[in-house]
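Could you walk me through how to read salt bridges, pockets and cavities in a model like this one? I'm new to it, so please start each topic with the general idea.

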Amino acid sequence: MQSSETKSFNDANFNAELHARPSLYFSGPALVEHIALRASNSLSEHQGASTFSGGCDTHRVKTRVEIHTEFVTITRVTSLAEEPGEWPKPTLFSSDIADLLGMSSPTLVCQVRILVMGEPSNELGTILSNFGFADTVASLIGAGSGQVCSDFRVRSNGWSQILLFNKDLNAYRLGRMVRRIYEIETYRSMALLGLPQARRLTLRLAEFETALVELAGRNQSTPVAQHRKLLDEISELSAMVISASAETRSRFGATAAYGKIVEERIAELREAHVPGFQRYGVFVSRRFKPAIRTCEATALRLEQLSHATMHLLNLLQTRIQVEIEFQNSVQIQAMADRAATQVKIQRAVEGFSIIAISYYLVGLIKTAMEAGEHAGVHVDPLVMMGSIPIVIGTVIIAVLRVRHALSAHT
């Protein structure tokens, strides 16, 4: 039985997951910088804590590092004294995470800057132009309490940039809204890691399907003598399909999971239309979902190919088994025929044996009677005639008893 101390410890751990990654709460104009890097083995020492703060927490700057299953993120919120007229210089670099966690050669997933300002005082198009935006998408979020704008372009410095106009968001709602926005970027980038694998696998799947069609045709016409070779070829194809599935299953599974998180975060923005602009979530979905569906279709295609290969292998094995059973039945029938022939021969031999033994015994009786005649003992010839059926009957009974004894023994 589980002790009360252990149960309480588990309950505390489960409850802690509800508060594992709180948002950074702030108000006023601020620059939010967010970087995500692929995790490595060097993160094992930090796995006990999914969230911890870095060494740069002041009244103006707040920094948080979060350890995820596959990646690590660092988020820095820098409060600004006034709204800038241009983008501030970056203060956070990927090397900060590498130095903080001792990571060697980390892989950059995404880096996004969110500039939080108040309600736009001038025409929105002019503001966006001043900040270098082109082909911008925009949405009212939080039931009209804020407005997000982005062009989803990566600048020469490696950053993608987003403007967030705060109309009526308090510090807590603003922090949660900012978190949803940079999580959309992070999980969208992580989900797209499966797309290159799907594209590479597409060519291999076409080769596998061509080979499967050729093997399926040969399965119908291959003679029995070549079944072993065909079985080896199908087994080899099945092994390659299983290997490809094992190589990509984890990545495609993660892509599907990250894709659902992106959809959830977009729904949590509670978007509304801004006249003259495409909605933020619609832009992401229309360009993001096709990639997710490509990965899903590739995973499904690979799974169906694996089932088809195993089905073909089972069909061939069934065919081989039927051939073996047919050969066994032919051999059993041949053995049965030989046994029946042997029985017939045995019965014929028994018949000849009865005649031979009876003839031999009657000869002995005759010899004995002739010897008695020479000794002066006269025996009636009728006795000789009467002994013949007695001898034959006795021999038949003896042979039948021997056959019965042998049958009972076997």
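Predicted model: local features only at pLDDT ≥ 70, side-chain atom pairs only at ≥ 80, totals over all residues.

Q: Which residue does Glu-183 pair with?
A: Glu-183 pairs with Arg-179, with 3.0 Å between the closest N and O atoms. Both sit in helix α4 (residues 171–191), four residues apart, or about one turn of the helix. Helices (H or I, at least four residues) and strands (E, at least two) are DSSP runs, numbered from the N terminus.

Q: Is Glu-183 buried or exposed?
A: The general idea is that buried means under 20% relative accessible area, exposed over 50%, and partly exposed in between (1.4 Å probe, protein chains only). Glu-183 counts as buried because its relative accessibility is 8%. Arg-179, at 8% as well, also counts as buried.

Q: Which residue forms a salt bridge with Arg-180?
A: That's Glu-268, with the closest N and O atoms 3.6 Å apart. Glu-268 lies in helix α6 (residues 227–268) and Arg-180 in helix α4, so the pair ties together parts that are 88 residues apart in sequence. Glu-268 is partly exposed, at 31% relative accessibility.

Q: What does Glu-247 do?
A: The side chain of Glu-247 meets that of Arg-204 in a salt bridge (3.8 Å, N to O). This pair links distant parts of the chain, with Glu-247 in helix α6 and Arg-204 in helix α5 (residues 194–221), 43 residues apart. Arg-204 is partly exposed, with a relative accessible area of 32%.

Q: What are a pocket and a cavity?
A: Picture a 1 Å grid over the protein atoms alone: a cavity is a set of points where a 1.4 Å probe fits but cannot get out, while a pocket is an open set with protein on both sides within 12 Å along at least five of seven lines. Lining residues have an atom within 4 Å of a point. Grid points are joined across faces, edges and corners, and a volume is the space filled by probe spheres set on the points.

Q: What is the volume of the largest pocket?
A: About 320 Å³. Of the 20 residues that line the largest pocket, Phe-152, Val-154, Glu-185, Arg-188 and Ser-189 are the closest to its centre. Two or more lining residues come from each of β5 (108–117), β7 (146–154), α4 and α7 (280–374), and α7 gives the most, with five.

Q: How do the residues of that pocket's lining divide by class?
A: In this scheme Ala, Val, Leu, Ile, Met, Phe, Trp, Tyr, Cys and Pro count as nonpolar, Asp, Glu, Lys and Arg as charged, and the others, Gly among them, as polar. The largest pocket's lining has ten nonpolar, four polar and six charged residues.

Q: Which residues line the second largest cavity?
A: Leu-24, Phe-26, Val-32, Thr-75, Val-77, Gly-175, Val-178 and Tyr-182. The second largest cavity has about 30 Å³ of space. Helix α4 gives the most to this lining, with three residues. The lining divides into six nonpolar, two polar and no charged residues.

Note on methods:
Residues numbered from 1 in each chain as written. Heavy atoms only, no water. Salt bridge = Lys/Arg side-chain N within 4 Å of Asp/Glu carboxyl O.
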